[in-house]
Amino acid sequence: MKGARAGWRRHPWLAALAALAGLAALAFALRALVAAVMLARIAAAPAPVAPWMTPRLIVRAHGLSPDEVAVALGIAPATGRRTLAEIAAERGISFEDLAAPLVAAIEARRAEGR
Amino acid sequence: MSAEVFAFVAQWGLAALFVTTFLSCLALPVPSSLVMLAGGAFTASGDLVLGAAAGAALAGAVLGDQAGFALGRAGGAALLARLGRQPRRAALIARARDFVATRGGVAVFLSRWLLSPLGPWVNLGGGAAGLGWARFTAAGVAGEVLWVALYLGFGRVFAANLDAFAAVIGNLSGALAAGAVALGLAALARGRARGRARGRARGRRPGSGGGTAGRPGA
């Protein structure tokens, strides 16, 4: 402790940098804690459907069957790795229009408690 | 921003994992954690094959580490030699070299996964300070295997809530790295104060030829 105090006195610029790094660590830790609380709160509900998601990821995250997702999106079940944004662009419709039947299927599944 | 990163991984797959992990080891500001988490999520969904994703990420990371180490060795050694012309700096550099010689392997291993924001700087510093290539490589590969396993694993587990989990792990990683920097700076200040105190004590010793405190009758 004595050595540390002597170090601070002799090298104030090092002390200032260390204090700054310590504060940054504290701020990051606090943000991590808040993020962890948020994650715990939403853990039961998967993230909403987003343009970057693939049909397979929707299957995985929302527990729908591959057929249900394929029907909702109007695609073949065994499609390659394509995002919803890419599928919407291929079909010449907006992401919102593409996702609407999928969101309805997810909500129906949730309502059934499946 | 995270949505664009996830879309980038969905579009480019294994190439995204390889290029991002490679560039992240050279201190370039690329979101490697987000890319790895997305890679993990896409292996869980079956969009990517787990073994191939792990291989691509590991290959990029190990090659990136080697490139950073080589850069440090090529440019850093000359820089340290120039800086070392000043006696005070030379002492500091000598201490840094001692640290690398005794604890360099541990620093490399921990900075791959636990303190990953420090990784690129440890690559450059290790190369510049003369850390042995075999030791660097062994510790680096072991750490990268752990990092790849952890991040792909987290991505698989939290595939349904990637964004929310990325916020937790990103901030936690920042807290650990900033904490390590704070402790390192504190240790440096303490070490320099001790070195000065030791130097004074030597000067006080009778017959040492230096200082005034040891003069008879003083």
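Ala27(B) lies in the loop between helix 2 (14-24) and helix 3 of chain B, where helices (H or I, at least four residues) and strands (E, at least two) are DSSP runs, numbered from the N terminus. The phi of Ala27(B) is near 65°, a positive value in a residue other than glycine. Most residues other than glycine have a negative phi. Ala27(B) is partly exposed, because 16 other C-beta atoms lie within 10 Å. On that scale a residue is buried if 20 or more other C-beta atoms lie within 10 Å of its own, exposed if 12 or fewer, and partly exposed in between, with C-beta atoms placed from the backbone.

A word on conventions. This is a predicted model, in which local features need pLDDT of at least 70 and side-chain atom pairs count only at pLDDT 80 or more, while totals for chains, interfaces and linings use all residues. Residues are numbered from 1 along each chain as its sequence is written, and chains are lettered from A and ligands numbered from 1 in the order in which they are written.

As to confidence, the model scores ipTM 0.88 and pTM 0.85. Chain B averages a pLDDT of 87, and 89% of the residues score at least 70; pLDDT is the predictor's confidence in each residue, from 0 to 100. Over residues 207-218 of chain B, pLDDT stays under 50, and the model has twelve contacts beyond four places in sequence for this stretch. Two residues are in contact if their C-beta atoms, placed from the backbone, lie within 7 Å.

Let me turn to chain B as a whole. Chain B has eight helices and zero strands. Of its 218 residues, 44% count as buried. Among the contacts in chain B with a separation of 6 or more, 77% are between residues 24 or more positions apart.

Two further positions in chain B deserve a mention. Leu14(B) is found in helix 2 of chain B and counts as partly exposed, because it has 18 C-beta neighbours inside 10 Å. Leaving aside neighbours within four places in sequence, Leu14(B) is in contact with Leu48(B), Ala52(B), Ala53(B) and Ala56(B). Leu14(B) and Leu28(B) are 14 residues apart in sequence and 19 Å apart in space, C-alpha to C-alpha. Ala96(B), in turn, is placed in helix 5 (residues 87-113) of chain B. Ala96(B) and Ala129(B) are 33 residues apart in sequence, yet 7.3 Å apart in space, C-alpha to C-alpha.

Next, the contact between the chains. It takes 37 residues from chain B and 39 residues from chain A. On the side of chain B that touches chain A, helix 1 (2-12), helix 3 (32-45) and helix 8 (162-204) each supply at least two residues, and helix 8 gives the most, with 23 residues. By class, that side has 24 nonpolar, seven polar and six charged residues. Here Ala, Val, Leu, Ile, Met, Phe, Trp, Tyr, Cys and Pro count as nonpolar, Asp, Glu, Lys and Arg as charged, and the others, Gly among them, as polar.

Which residues touch the most other members of the largest nonpolar core? Of its 85 residues, they are Leu37(B), Ala38(B), Ala57(B) and Leu162(B). A nonpolar core is a set of buried Ala, Val, Leu, Ile, Met, Phe, Trp, Tyr and Cys residues joined through C-beta atoms within 7 Å. Helix 8 of chain B contributes the largest share of this core, 15 residues. Domain 1 (2-42) and domain 2 (55-112) of chain A both give residues to this core, so it lies between them; the domain bounds come from an automatic or database domain assignment. The centres of these two domains of chain A, taken over C-alpha atoms, are separated by 44 Å. Not counting residues up to four places away in sequence, Ala38(B) touches Val5(B), Phe6(B), Val9(B), Gly155(B) and Leu162(B).

Buried residues in helix 2 of chain A include Ala18(A), Ala21(A) and Phe28(A).

Why is helix 3 (residues 55-62) of chain A largely enclosed by the rest of the structure? Seven of its eight residues are buried. Their cover includes helix 4 (66-73) and helix 6 (95-112) of chain A together with helix 3 of chain B. Gly63(A) follows helix 3 of chain A and has a positive phi, near 75°.
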